[in-house]
Amino acid sequence: MVANRGEIAIRVFRACTELGIRTVAVYSEQDTGQMHRQKADEAYLIGRGLAPVQAYLHIPDIIKVAKENNVDAVHPGYGFLSERADFAQACQDAGVRFIGPSPEVVRKMGDKVEARAIAIAAGVPVVPGTDAPITSLHEAHEFSNTYGFPIIFKAAYGGGGRGMRVVHSYEELEENYTRAYSEALAAFGNGALFVEKFIEKPRHIEVQILGDQYGNILHLYERDCSIQRRHQKVVEIAPAAHLDPQLRTRLTSDSVKLAKQVGYENAGTVEFLVDRHGKHYFIEVNSRLQVEHTVTEEITDVDLVHAQIHVAEGRSLPDLGLRQENIRINGCAIQCRVTTEDPARSFQPDTGRIEVFRSGEGMGIRLDNASAFQGAVISPHYDSLLVKVIAHGKDHPTAATKMSRALAEFRVRGVKVRRHLTATWGCPHGQEPGRPQAAGAAPAGPGSPAFVCVLLLAPMTRPET
């Protein structure tokens with residue numbers, strides 16, 4: 001069973017079908033017509049009478065469906081309950097396998113303060129910050145006096161850009177503290193915040209890890225997720241372009257070291273910031289599958305969902321043929337997220353019925369979607385992601401060219417759609433034309449070219465041809 005919706009539910013269902021495993025979907029009252037319900041062998045309503053998002057957060061209903069229908073394992077997908085230790089524990093208590101780390105590891109990694117302490121104990125460098133959640137604005141003032149501005153507030157018990165606020169001066173401190181607390185409380189049920197020194201214009205590099213219950217842990221190299229808007233990733237690239245080989249070794253080595261420190265099982269991601277001088281700092285561990293896992297699969301030829309399921313079954317990584325010396329990088333992959341957002345309304349999600357839908361396809365293009373088809377109704381209740389477009393080529397320029405061509409082929413009418421297009425390689429160091437707000441192509445290092453320039457395209461409203 002997948003305790004989720006949309007494209008990630010379908011992604012897991014397809015992997016299960018390939019492995020000969022029957023699938024079970026759950027859906028809210030607002031999702032009765034959604035495609036993930038149709039792709040499973042069985043589907044059951046959850047959260048009757050609840051708000052749309054709360055339906056997928058209602059643990060008792062999900063566990064009830066699992067027990068009543070003899071479900072062997074639950075995959076949490078990403079978002080919703082995927083990083084909730086109480087959900088992992090509820091599955092375990094019900095005799096249902098949770099496809100992910102143990103409840104204790106999920107708890108440790110979900111608590112950013114504890115994860116930070118674990119990283120320090122493992123000898124992994126961290127950004128200067130508070131050792132525990134702050135409890136007052138006064139503590140934020142004291143931190144600012146010690147480390148100076150800019151600083152950043154982060155939710156202690158969640159991620160995804162929610163509860164995250166950058167502060168550049170004392171005048172901005174109170175307002176951003178209040179907003180970050182409110183956002184964290186609304187998103188995660190806990191408004192606790194911690195404070196870090198803000199690293200300006202970093203690269204956001206993350207490392208995919210995979211572990212089993214026998215202590216075997218390996219990495220599947222890195223992804224560059226520096227291109228963001230409002231702290232939300234919009235373009236992901238694997239491997240990171242123009243990354244110093246020694247830095248790559250340090251990043252991957254530290255990721256494995258941290259995972260071993262906690263006895264990590266299943267798939268996860270260790271995230272870092274890399275500053276202008278090539279120094280890296282641990283920021284968090286995502287104890288789940290990532291939206292951008294696709295690019296790692298494309299360059300390593302490892303099906304991460306297959307691996308997750310097999311590890312949950314008790315198989316070891318060597319049994320699956322997964323040994324570090326066998327993991328090789330094959331070319332480059334780029335993922336762009338096509339979303340139903342209206343640039344004319346500050347990128348507010350757009351809703352309605354899709355009247356025309358034609359996707360970009362062809363050699364080297366992979367599409368992961370759930371609601372991208374003619375007649376689909378785009379709901380205002382959930383994430384605005386319409387389709388993930390993944391391009392794979394022999395090198396970065398080839399993958400970028402394929403992505404450019406594929407995105408240009410899209411025809412969508414009925415809702416506004418935003419595309420982020422990876423357009424030009426080898427821009428001069430520091431040049432950031434047309435970068436998304438609060439993000440952009442971070443410099444690759446002293447004297448080296450920036451890894452990508454980004455063009456923000458107009459919404460797809462041209463006549464269908």
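**A side chain and its sheet**

Author: Let's start with one side chain: that of Arg337 makes a polar contact with the side chain of Glu236, at 2.4 Å. Please keep in mind that this is a predicted model.

Reader: Is Arg337 buried or exposed?

Author: The general idea is a cut-off: a residue is called buried under 20% relative accessible area. Arg337 has 13% relative accessibility, so it counts as buried.

Reader: In which strand is Arg337?

Author: Arg337 belongs to strand 13. That strand covers residues 332–339 and pairs with strand 20, residues 385–393, in the antiparallel sense over eight bridges. As an example to look up, Val338 stands opposite Val387 in strand 20.

Reader: How should I read the sheet as a whole, and in what order do its strands come?

Author: Follow the pairing from strand to strand. Here eight strands form an open sheet, in the order 12-11-8-9-10-13-20-18, with antiparallel pairing. At the edges are strand 12 (280–286) and strand 18 (365–369), each of which pairs on one side only. From one strand to the next, the twist averages 25°.

Reader: Which helices pack on the sheet?

Author: Helix 10 (residues 245–262) packs on it, touching strands 8, 9, 11 and 12. The direction of helix 10 makes about 115° with that of strand 9. Helix 13 (residues 396–409) also packs on the sheet, touching strands 10, 13, 18 and 20. Its direction makes about 140° with that of strand 20.

How values were computed: Residues numbered from 1 in each chain as written. Predicted model: local features only at pLDDT ≥ 70, side-chain atom pairs only at ≥ 80, totals over all residues. Heavy atoms only, no water. Pairing = 2+ DSSP bridges. Helix = DSSP H or I, 4+ residues; strand = E, 2+ residues; numbered from the N terminus. Axes fitted to C-alpha atoms, helices over the stretch in contact; angles between N-to-C directions. Contact = heavy atoms within 4.5 Å. Buried < 20%, exposed > 50% of the residue type's maximum accessible area, 1.4 Å probe, protein only. Polar contact = N/O pair within 3.5 Å; in protein donor to acceptor, adjacent residues only side chain to side chain.
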